[in-house]
Amino acid sequence: MATIYEKALEKHEQWKGKLSTELKSPLETRDDLSLAYTPGVAEPCRQIAKNPDDVYKYTWKGNTIAVVSDGTAVLGLGDIGPAAGLPVMEGKCVLFKKFAGLDAVPLCIDTKDPKKIIEFCKQIAPTFGGINLEDISAPRCVEIERTLIKELDIPVFHDDQHGTAIVVTAAVINALKVAQKKAEDCTVIVSGTGAAGSSIIRMLHQLGIKKIYGFNINGIVIKDDYDKYDFLTQELTQITNPDNRRITMAQAMVGADIFVGVSAPNLVTQEMVKSMVPKSIIFAMANPEPEITYEKAKQAGAFIVGTGRSDYPNQINNILAFPGLFRGALDCRATKITEEMKIAASRGLASLVSQEELCPDKIIPDAFDERVSKTVAKAVSDEAKKAGLARL
């Protein structure tokens with residue numbers, strides 16, 4: 001029997017790519033040609049030249065996203081380059097279309113230089129309503145995103161950082177309800193402090209959790225090692241490890257409430273899970289193998305377990321976040337996506353699981369729940385308007 005990888009390879013060969021362009025305008029007669037192209041097209045050009053905002057009225061800009069990648073951090077494959085990353089970027093564009101009705105264009109670029117990537121994005125910005133940065137390695141991705149947010153007037157979002165963080169935060173909101181715990185009383189262990197992990201830490205801190213311990217390949221993030229870190233990890237020293245303890249992850253998990261993993265396989269043992277407080281919460285999301293399997297975590301006594309996989313309950317899937325996030329941002333023509341808009345997206349997501357449905361195996365809506373994109377979009381749009389960042 002063919003594996004999923006063999007089936008996917010065969011399908012990709014048949015498809016010759018997962019995207020194509022289509023015509024919205026008829027092009028059958030001379031009149032059609034005159035309207036869609038010369039001479040008629042001159043008039044919308046003149047109107048946009050007089051009023052640049054009219055580009056949203058007369059072109060695809062208001063409904064189109066650029067998916068930009070340098071191929072340096074592709075899924076679980078790492079630095080495989082822009083050409084090898086193209087199937088993933090096409091896939092991302094398919095998800096934008098399916099789940100939010102947004103057109104998206106994959107743009108895989110042959111440079112790893114942050115300054116050149118920033119310049120590229122600035123140069124293409126007139127064509128697109130938003131830019132989704134994808135599979136760019138940390139900490140470069142943070143520098144690139146932050147610079148573009150400052151220098152462009154369209155939404156820029158690095159999904160690998162914030163998409164997972166938005167969904168994790170939504171899952172934590174509901175998990176705390178089920179476990180009957182308060183955010184401010186919880187201790188959280190985060191394994192992995194790169195793009196996703198750092199954003200998860202910041203969002204959970206914003207949610208009200210103050211006792212967070214971050215771990216990476218070098219051990220615990222601690223103020224004493226500040227000078228050894230890159231700028232991203234240096235920032236985390238301000239909001240993690242409040243008592244500045246140099247301990248192992250196993251030691252940190254004793255008495256902890258929540259474990260979040262975006263790191264590497266098999267880092268968490270059943271003994272570590274057993275050492276946590278009653279009604280412990282485990283989100284083990286390393287790809288393709290988690291920090292601890294769903295079965296082992298449950299056997300060890302975890303109350304709620306989430307993974308990145310679709311074949312277990314509570315799938316933490318960033319598909320729940322990014323389509324609706326961009327839909328909402330483009331609908332109100334937001335100039336940027338803020339931390340408050342991300343939290344609003346998390347709360348919107350969490351609200352889709354009713355009080356009657358909430359249970360250890362149901363803390364997050366399904367990826368195919370048709371309410372997801374609309375609910376996230378409205379939450380994001382409302383927050384943008386509230387913050388004065390919406391142009392509509």
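Mentor: Let's begin with a term: contact means heavy atoms within 4.5 Å. This is a predicted model, in which local features need pLDDT of at least 70 and side-chain atom pairs count only at pLDDT 80 or more, while totals for chains, interfaces and linings use all residues. Residues are numbered from 1 along each chain as its sequence is written, and side-chain values use heavy atoms, with hydrogens and water left out.

Trainee: Which residues does Val 172 touch?

Mentor: Leaving aside residues up to four places away in sequence, Val 172 touches Leu 204, Leu 207, Ile 209, Ile 258 and Phe 283.

Trainee: What is a nonpolar core?

Mentor: A set of buried Ala, Val, Leu, Ile, Met, Phe, Trp, Tyr and Cys residues joined through side-chain atoms within 4.5 Å. Buried means under 20% relative accessible area, exposed over 50%, and partly exposed in between, using a 1.4 Å probe and protein chains only. Here the largest nonpolar core has 94 residues, and Val 172, Ile 189, Val 260, Ile 282 and Phe 283 have the most contacts inside it. Helix H8 (residues 159-179) gives the most to this core, 12 residues. Helices (H or I, at least four residues) and strands (E, at least two) are DSSP runs, numbered from the N terminus.

Trainee: How many residues of helix H14 are buried?

Mentor: Nine of the 10 residues in H14 (residues 322-331) are buried, including Phe 322, Arg 327 and Leu 330.

Trainee: Why does Pro 126 count as exposed?

Mentor: Because its relative accessibility is 55%. Pro 126 sits in the loop between helix H6 (114-124) and strand E3 (130-133).

Trainee: How do strands of a sheet pair?

Mentor: They pair through backbone hydrogen bonds, either parallel or antiparallel. Two strands count as paired if DSSP finds at least two bridges between them. In this model, six strands form an open sheet of mixed pairing, in the order E7-E6-E5-E8-E9-E10. Strands E7 (219-220) and E10 (304-307) are its edges, each pairing on one side only. Strands E5 (residues 187-191) and E6 (residues 211-216) pair in the parallel sense over five bridges, with Ile 189 opposite Tyr 213 in E6.

Trainee: Which helix lies across E5, E6 and E8?

Mentor: To read angles, note that axes are lines fitted to C-alpha atoms, for helices over the stretch in contact, and angles run from 0 to 180 degrees between N-to-C directions. Helix H9 (residues 195-207) lies across those strands, at about 175 degrees to E6.
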